[in-house]
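Hi there,

Here is the structure I promised to pass on. Please have a look at it first, and then read my notes below.

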Amino acid sequence: MTTPDISLLRVFHAVMEERNVTAAAARLGQSQSTVSAALSRLREALGDELFLRARYGVEPTEKAIEMAPDIAAGLERLEQAFRAAEPFDPARTTRRFRLLMGPYVEIVLVPDLAAAFAEQAPLAKLEISPVGPDLDPRQLAGRTFDLALGRFDNPPEDLVVSHLFDNGFRCIVSPRAMPEGTMLGRELYETLPHVIVAPPGKWRTGIHKRTEATGLRRNTAIVVSHFLSAPPAVARLGGIATVPERVAAMTAGPYGLRNEPVPVELGTFPSQIAWHPHLRRDEGHIWLRGLISRIAAGFAFDD
């Protein structure tokens, strides 16, 4: 292929990211047969299978993996050139924004972010993918994602990382475990059956370190991996869970739970935003960062 066909490269990029021909076709707004035909042309031109059938889609060959970063970077530079040629208008853009989010910030930010997109950028697309505390800069430097949101320990130096908001902790308690008029003291806290939230990776150690530092004990009844699993479990168990205060505010009422202060001070934890400097002057990215910052600033008035 002496002169690359941009449409074929877009197909390659979509299949590489989706690892599924049907999903790639839907993303590109094309039929599955059109995408399959494009892949056939690419295979013939490059002399490689590129993608092999797998149980739930396709897996890239070594050559495809080797080519992918250069193709992604080239397509992004083309898109940036076109975007720079005309001012960014949120109301008219059809741009796809891809965000990496930690489990907590996804719970508290996505509802407001989705509402803001519906009002300000109704034609744009917003996609959320999970991220761990060990942020891989290649996901942002390679332009696969626009930015990351969460809590990052020792973030990479080649990314711009800034503070968004702080949050403390509260207890959601079943009324059966704590009748009206009862105070949640330390003794009762340590006696009640606890639903422990332990997200994957290093995040699972945060609340454990804080309670251990204060000598506060928890009578573990069940351990779950997601904050939204805790409220219904607490309600059915007749127990208690210690969760970020915004999660407590969002879930206590719907599940008929009491929202109580932790009997000892556990401090606060930050949520941060991370992005690559190459997007510093991208008007769409500037708009997105500003939108997220305004939503986060509003949290202070809600608390």
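Helix H3, residues 32-46, has 15 residues in this predicted model. From its first C-alpha to its last, H3 reaches 21 Å, close to the 21 Å expected at 1.5 Å a residue.

Which residues of H3 are buried? They are Val35, Ala38, Leu39 and Leu42. These four cover an arc of only 100° around the axis, which puts them on the same side of H3.

What covers the buried residues of H3? The cover includes helix H1 (6-18), helix H2 (21-28) and strand E1 (51-54). I looked at H1 in some detail. Two packed helices are described by the angle between their axes and the distance between the axes. For H1 and H3, the angle is about 105° and the axes are 9 Å apart. That makes H1 roughly perpendicular to H3, because angles of 65 to 115 degrees count as such. On the H1 side, the residues that meet H3 are Leu8, Val11, Phe12 and Val15. On the H3 side, their partners are Val35, Ala38, Leu39, Arg41 and Leu42.

H1 also holds histidine 13. Is this histidine 13 buried or exposed? With a relative accessible area of 18%, histidine 13 is buried, because the cut-off for buried is under 20%. Not counting residues up to four places away in sequence, histidine 13 touches Arg27, Ala72 and Leu75.

Now for isoleucine 71, which lies in helix H4 (residues 62-85). Isoleucine 71 has a relative accessible area of 11% and is buried. Leaving aside neighbours within four places in sequence, isoleucine 71 is in contact with Leu9 and Phe12. To give you a sense of distance, isoleucine 71 and serine 162 are 30 Å apart in space, C-alpha to C-alpha, and 91 residues apart in sequence.

Next, the nonpolar cores. The largest one has 56 residues, and those with the most contacts inside it are Leu99, Phe117, Leu149 and Ile292. Helix H5 (residues 103-120) gives the largest share of this core, eight residues. If you click on phenylalanine 117, you will find that it touches Phe97, Pro122, Ala124, Lys125, Leu126, Trp287, Leu288 and Leu291, not counting residues up to four places away in sequence. There is also a second, separate core of 22 residues, which includes Val35, Met67, Ile71 and Leu75. Two of these names came up above: Val35 is among the buried residues of H3, and isoleucine 71 is in H4.

Last, a look at valine 160, placed in strand E6 (residues 160-167). At 23% relative accessibility, valine 160 counts as partly exposed. Its contacts, leaving aside neighbours within four places in sequence, are Ile273, Ala274, Trp275, Pro277 and Arg280. How far apart are the C-alpha atoms of valine 160 and threonine 182? They are separated by 47 Å, with the two residues 22 residues apart along the chain.

Technical notes:
Residues numbered from 1 in each chain as written. Predicted model: local features only at pLDDT ≥ 70, side-chain atom pairs only at ≥ 80, totals over all residues. Heavy atoms only, no water. Helix = DSSP H or I, 4+ residues; strand = E, 2+ residues; numbered from the N terminus. Expected span 1.5 Å × (residues − 1). Buried < 20%, exposed > 50% of the residue type's maximum accessible area, 1.4 Å probe, protein only. Arc of directions from axis to C-beta. Contact = heavy atoms within 4.5 Å. Core = buried A, V, L, I, M, F, W, Y, C linked by side-chain atoms within 4.5 Å. Axes fitted to C-alpha atoms, helices over the stretch in contact; angles between N-to-C directions. Parallel < 35°, antiparallel > 145°, perpendicular 65-115°, else oblique.
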